[in-house]
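Subject: Structure handover

Hello,

Here is the structure you asked about. My notes on it follow below.

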Amino acid sequence: MIISKAPVRISLGGGGTDLASYYSKFGGFLIAGGIDKYIFICINRRFERSIKLSYSKTEVVQSVDQVQHKIFREALRLAGVENQVELSSIADVPANCGLGSSSSFTVALLTALRSYTRDFASLRDLAEEACRIEIDILGAPIGKQDQYMAAYGGVTALTFEKDGTVHVEPLRMPNGKLVELEYNIALFYTGIERSASDILAAQDKKTKDDDQAIIERLHGIKQIGLETRRLFEKGDIDSFGELLHQHWKTKKKLSSAISSPEIDEAYEEALRAGALGGKIMGAGGGGFFMFYCPGTKAKVIQRLTAMGLRYFPFRFDFEGAKIVANLRK
């Protein structure tokens, strides 16, 4: 038996510029942080010749072509595993929550399969293989942020070149500032489930069609990401809260589906409680809300939990995708 894990992530600045429709024309940049919430994959050789998959459903099939779960199917094909295998997944977070869990699932799955077949890969290889499955093969309207963050973890700057090359740079912050940043961020689950596909597909199409309003907003979000890196490396993390506020106001203009009256009400309540800024994770519409609240975190938690949001404590993850147990006989 082999068990792998890959972290989910929170976006800290520049999100949305990792879609090919944008970076292929202008280049993209963002900062994100892997957190200590994971997707786990367990793989074991099965006595029967069939394939058994356990996730929110259970599948027992005779061949890879019969697998209904698209990512399981394509990952098995890529790894060359055809039968006599059992795979199961366990998640610390729900699906469609804005933390990149689908890509974390893909990276954790590839990590487990690579170990199972003794065909080991670099973190970059894992990220690119996950991109190939999700974007190229399955046609998901997503970018490359989630796959790379699931593979590498850390508080990381990602630069997306026009040719699709991704540069990965761990962020360097003055002593103590990373701990302070982690402490001052409050993450909440809204309880609103949503699919990012429609929001991202609309943004992707408008960018491909050279919609100048969308492109200018993405330019602005990229600049916020670059400024976030400058402030982090300088140690001026409180100014990050103000940038988050700018980011949220700009992000909401990308699509009317990104926010809602309930989300806006929670945001305003957090500001009244002392948060400097915040934003919905991922494409928007629901899932997780992140706020930066130096010195006021307890008050923000009290106010938002009273509104029905669920506080979700976390630590940054610096290990990325890895094998956590290998009990191969």
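Leu 76 touches Ile 51, Val 64, Val 67, Val 81, Val 85, Leu 87 and Leu 113, leaving aside residues up to four places away in sequence; contact means heavy atoms within 4.5 Å. This is a predicted model, in which local features need pLDDT of at least 70 and side-chain atom pairs count only at pLDDT 80 or more, while totals for chains, interfaces and linings use all residues. Residues are numbered from 1 along each chain as its sequence is written, and side-chain values use heavy atoms, with hydrogens and water left out.

Leu 76 is also among the five members, with Ile 43, Val 85, Leu 87 and Leu 109, that touch the most others in the largest nonpolar core, which has 41 residues. H3 supplies the largest share of this core, eight residues. A second, separate core has 28 residues, including Ala 157, Leu 171, Leu 244 and Met 290. (A nonpolar core is a set of buried Ala, Val, Leu, Ile, Met, Phe, Trp, Tyr and Cys residues joined through side-chain atoms within 4.5 Å; buried means under 20% relative accessible area, exposed over 50%, partly exposed in between, with a 1.4 Å probe and protein chains only.)

Two backbone angles are also listed here. Most residues other than glycine have a negative phi. Gln 84, in the loop between helix H2 (70–79) and strand S5 (85–91), has a positive phi near 55 degrees and is buried at 10% relative accessible area. Arg 118 has a positive phi of about 55 degrees, lies in the loop between helix H3 (101–116) and helix H4 (123–137), and is exposed at 56%. Helices (H or I, at least four residues) and strands (E, at least two) are DSSP runs, numbered from the N terminus.

Regards
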